[in-house]
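Please look over the structure shown below before reading on.

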Amino acid sequence: MECSRFEIGGRQMLLQERPSIDCNGGKVWNASKVLARYLEENKRKKPVAGKRILELGSGCGLLGISLGLLGANVTLSEQPIMLEILNSNVRYHSHMAEEASGKLQVVECDWLDPPELRSDPAPYWDMIVATDVVYIHALVPPLVNLLSSLASMRTHIYIAIEMRDREVHQAFEAECRKHFTVSRISNAKLPKDVQDDQTFVYLMRKSNRDSNVSGVGAAEE
């Protein structure tokens, strides 16, 4: 079994990987490191400690666990095939999260038949995050519909995506604009130690209109 190391908040993480799983989530992808490091570097401006955070498509769990180690109350979610390795990684790091006043839990989530994901006791999630969840057209509508159903007007949504298929990427942006205000974080503001030219980070907020602006703006983050 392969492992990936990553440091966050002064703590060293060790995550099991299982590339042999018939699912992209069996490997730690760089986009999760980019978003984890970005949120760590901006925690003073936009703190995650104490926030209720939902991660969709957690994979091996690097991003969600990282946020727990920064003091957030994180619910990581995945499809059944990934739950064994995700639960194993979460159990290994749970004590670290507790030491940072964070909390980690795992739930099963099929985007085509999602469970009721509530942020107890509050009626909304402070933040929803996801990385490398857009790589085929078939995933775009169920993902965006799920995001729309889970987000409130107060929820910040951060999505980090590695560009693999330009048409799929553009379809995702267009679908998101129907429900959210969409802005892209400037590459100049992304962490230099893990950034690459093919990873894009989006910040989205739920729109009070059915149709949003015609383009993707630059985030003022």
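The sections below take up the chain as a whole, then its nonpolar cores, and then its cavity.

## The chain as a whole

This is a predicted model, and its chain is built with 5 helices and 10 strands.

In soluble globular proteins, nonpolar side chains tend to be buried together. Here the largest nonpolar core has 39 residues, and those with the most contacts inside it are Leu35, Leu67 and Val129. Helix α1, which covers residues 30–41, gives the most to this core, with 6 residues. Apart from this core lies another one, of 30 residues, including Cys109, Leu139, Met163 and Phe200.

When neighbours within four places in sequence are left aside, Leu35 is in contact with Leu63, Val129, Ala130, Thr131, Tyr158, Ala160 and Val201.

## The cavity

Rolling a probe the size of a water molecule over the atoms shows where empty space is left. The structure holds 1 cavity of 30 Å³ or more, and the largest cavity has a volume of about 30 Å³. The elements that give two or more residues to its lining are β7 (156–162) and α5 (166–176).

Among the residues that line the largest cavity are Val134, Tyr135, Glu162, Arg164 and His169, and the lining divides into 5 nonpolar, 1 polar and 3 charged residues. Met163 is also one of the lining residues, and Met163 belongs to the core of 30 residues as well.

Notes
Residues are numbered from 1 along each chain as its sequence is written. This is a predicted model: local features need pLDDT of at least 70, side-chain atom pairs count only at pLDDT 80 or more; totals for chains, interfaces and linings use all residues. Side-chain values use heavy atoms; hydrogens and water are left out. On a 1 Å grid over the protein atoms alone, a cavity is a set of points where a 1.4 Å probe fits but cannot get out, and a pocket is an open set with protein on both sides within 12 Å along at least five of seven lines; lining residues have an atom within 4 Å of a point. Grid points are joined across faces, edges and corners, and a volume is the space filled by probe spheres set on the points. Helices (H or I, at least four residues) and strands (E, at least two) are DSSP runs, numbered from the N terminus. Ala, Val, Leu, Ile, Met, Phe, Trp, Tyr, Cys and Pro count as nonpolar, Asp, Glu, Lys and Arg as charged, and the others, Gly among them, as polar. A nonpolar core is a set of buried Ala, Val, Leu, Ile, Met, Phe, Trp, Tyr and Cys residues joined through side-chain atoms within 4.5 Å. Buried means under 20% relative accessible area, exposed over 50%, partly exposed in between (1.4 Å probe, protein chains only). Contact means heavy atoms within 4.5 Å.
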